[in-house]
Amino acid sequence: MIRDAALVAAKDLRLELRARVGMGQVLPFAVLVLLLFAFALDPDRGVLERATPGLFWVGVLFSSVLVLQRSFGVEAEDGILDALRLSGMAPAAIFLGKVAALVVQLAVLEVVLGVGVVVFYDAQPAHAPLLLSVAATATLSIAAAGSVYGALSARLRSRDTLLPMLLLPLLAPVLISATRGFEVGLEGHAGGGWSWVALLGVFATLYLALGAFLFRPLLEDA
Amino acid sequence: MIRTRPNPPKNFPSTGSTYRRRCLVPDVGATVPLGRSAGRVDGPDRPPALAPIVRLRSAVALLGRFPALAGVDLDVGRGEILLLRGPNGAGKTTLLRVCAGLVPVTSGTATVLGEDLVRDRTAVRRRVGLLGHATHLYQDLTVAENVSFWARASGSTVEEGRAALERLGVARRLWDLPVHALSAGQRRRTSFAAMVCRRPELWLLDEPHAGLDREGRDIVDGLMVEAASVGATVVFASHELDRATGVAHRSVTVEGGVVQGGLLAGDAVPAGRGS
Amino acid sequence: MSTPPNRSGHAPPVASGPESTSSTGTRVLGAAALVGLALSVVYGLFVSPPDAQLGETIRMIYTHVPTVSVAYVAFVVTAVSSAMYLWKRTEFWDLLGASSAEIGVVFFVLTILNGALWGKTTWGVFWRWEPRLTTSAVLLLMYIGYLAVRAVPADTRVRATRCAIVGLVAVVNIPIVHKAVDWWRGLHQGRTVLGTIDPEMGGNQLVAMYLSLATGLVVFVWMLLHRFRVAYLVERAADAGLEEALAERRAERGTPSVEVAP
């Protein structure tokens, strides 16, 4: 099972390297989002600095939707879903493999956005462990919940509009928690940041378990 | 050399006639071949203990609300090469997919490789190989990467995948090309190789000759015969009747979601093979 | 109502069955709901006294509590139906979940409208980012997503599986959304009466509250029964052509493409 998950994850990453959609399109899009926020929220008024955590995570969320659409769009073509069903791999293994590959891709995205935020918005990370924990749990949450809805909408022709519509409300608590956690991590406020990490951890665990459990009907019928 | 799971080849009486007579089908349940006693499904030479590899009785399969299969009766014996003929839209593709466990059977019975498809159709999937119309390949990955992924996903090894590619005549210089850069025929051969290296017990091929040149078609014919000779069973749909009847042990006609001549009978005339 | 012709160009047979979705049960419930509504109006608007702190605006609680309670009950029904569908795979659970989700969305919209009106009269603004309203907005969007998935044309089984998955995934998120929003906004707000049953309400106020709550639940069940039956009839009408379709399919044999013209 782990072997199968690793196989799927490796295949996804290799696909990404080969097609360069992530690096070629999504990363520039993410940086573009940062720029758009700067245009919209006048940099001279100090809004950007205060809003940095939120803008970072909104940028991550929008870019994640693109990454997810690509990741599952590929599986929906050329009868690959049929081939996956015939392969005999456990659906939960396929799910975990896809989540693992997504985590890697999202991590790269977040590093780039983090650099962008430090450069453009003059952010100063204070508590690195807290920031990393928040980012890790939030990334896992996005990948897990996103994989469920990504697989669900894979075969729909209206996939491009339906996936954000489904996923973004679901990820609202992730956005709230990650942003608050980052606020603490960037400003160095008193405690409380770790409770957000705990909530994110609960979210991630819940959706990893739910996704692994639901992937069999997803693979069969959706 | 194509290896299948070790099964001793059975002595199978050839029943390769092409049934052209219409069977009377008053309703879904009662398929009575003309001239045969009702309900008799095994040829007289076959020991009763040997169950057919594929056994469908009054199988109905719906695609949405459309009955693609409207009451199919079919037996396929081990080591048999069965040809499905019929017009477009007759249900050949759906029949193959039902046998692969991909399409649910809504009524009737369906047993493939001993697994009851009505109860759990996922169990049989590992043991069959399906060559469909879609390529089942990732367009952006290379030939070698695709075959090695699908081989390992099915429990085979990368070496077997490579051997299959060679057997299918996919030139080595193509192995590092992404699939989208290949011609349609080369893609077909790659898909075939990905199926072959799984060593399935039941081969389900949807128009295997389509898109291949003469050399490719010869390879495919050779593979089918080889597979049957080591105990695998081959069911394929084809419009290439000249070539197909030369390879097939038996052929049935699929029309209107029903199979004619699907049941095995003892006194059928063997088809000319290679003649 | 015209039915589209099927493949052969003939109209499919009309499904026979119940002429309407009413029954003794729904009539009884409907009558009870009407009585309840009348009583609630009387109690809510006239009999119960204005609140010491909130004045007349307390009366908005009498509509808010039922709508939000019904919405949550509806989503719980959807969640349970989703889980049961994935387990049993029977049409009943699929139709029940979908009907309940529709009604839940309606009641959630009512809740938000109610909250906005309450906000306008109390705070002077239509919207405030306080925990209850914010949570309601997020949940509403999640369940609108459920309806969007339901609206995608697909095979019955595929559609039912997709909706069941959305239903389960959405319901699991509810407590997390609550927690996150409470922690976030709860720091900035005092305790708000909106969405909580104020223990200081007494006498006729409590009576009005519970009366309207009970009425709301009766209305919910009534609507659910009707909506479920409508959905059931839609499925039966779509199935009605199956026997004929089977016969037609088999009759495709003997079409000209088989005979070879000499």
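Predicted model: local features only at pLDDT ≥ 70, side-chain atom pairs only at ≥ 80, totals over all residues.
Trainee: How many bridges join strand β7 of chain B to β8(B)?

Mentor: Residues are numbered from 1 along each chain as its sequence is written, while chains are lettered from A and ligands numbered from 1 in the order in which they are written. Helices (H or I, at least four residues) and strands (E, at least two) are DSSP runs numbered from the N terminus, and two strands pair if DSSP finds at least two bridges between them. L202(B) has T233(B) as its bridge partner in β8(B), and β7(B), residues 202–206, runs parallel to β8(B), with a bridge count of five.

Trainee: Which residue in β8(B) stands opposite I81(B)?

Mentor: Strand β3 of chain B (residues 81–85) also pairs with β8(B), in the parallel sense and over four bridges. In β8(B), the residue opposite I81(B) is V234(B).

Trainee: Which helix makes a β-α-β unit with β7(B) and β8(B)?

Mentor: The unit is right-handed: with the strands pointing away from the viewer, the path from the first strand over the helix to the second runs clockwise. The helix between them, residues 214–229 of chain B, is α5.

Trainee: What are the edge strands of the open sheet in chain B?

Mentor: Four strands of chain B form this open sheet, in the order β2-β1-β4-β5, with antiparallel pairing. Within it, five bridges join β1(B), residues 54–63, to β4(B), residues 107–112, and V54(B) is partnered with V112(B). Pairing on one side only marks the edge strands of chain B, β2 (66–76) and β5 (115–116).

Trainee: Which element gives the most to the side of chain A that touches chain C?

Mentor: Residues are in contact if their C-beta atoms, placed from the backbone, lie within 7 Å, and here 24 residues of chain A meet 23 residues of chain C. By class (Ala, Val, Leu, Ile, Met, Phe, Trp, Tyr, Cys and Pro are nonpolar; Asp, Glu, Lys and Arg charged; the others, Gly among them, polar), the side of chain A has 20 nonpolar, two polar and two charged residues. With nine residues, the element that gives the most is α9(A).

Trainee: Which strand gives the most to the side of chain B that touches chain C?

Mentor: This contact takes 11 residues from chain B and 12 from chain C. The side of chain B has six nonpolar, three polar and two charged residues. Giving three residues, the top contributor is β2(B).

Trainee: Among the elements of chain C, which helix has the lowest mean pLDDT?

Mentor: Chain C has a mean pLDDT of 79, and 81% of its residues reach 70 or more. Helix α3(C), residues 91–122, has the highest mean among the elements, 90. The lowest, 77, belongs to residues 242–250 of chain C, helix α7.

Conventions
pLDDT = per-residue confidence, 0-100. Contact = placed C-beta atoms within 7 Å.
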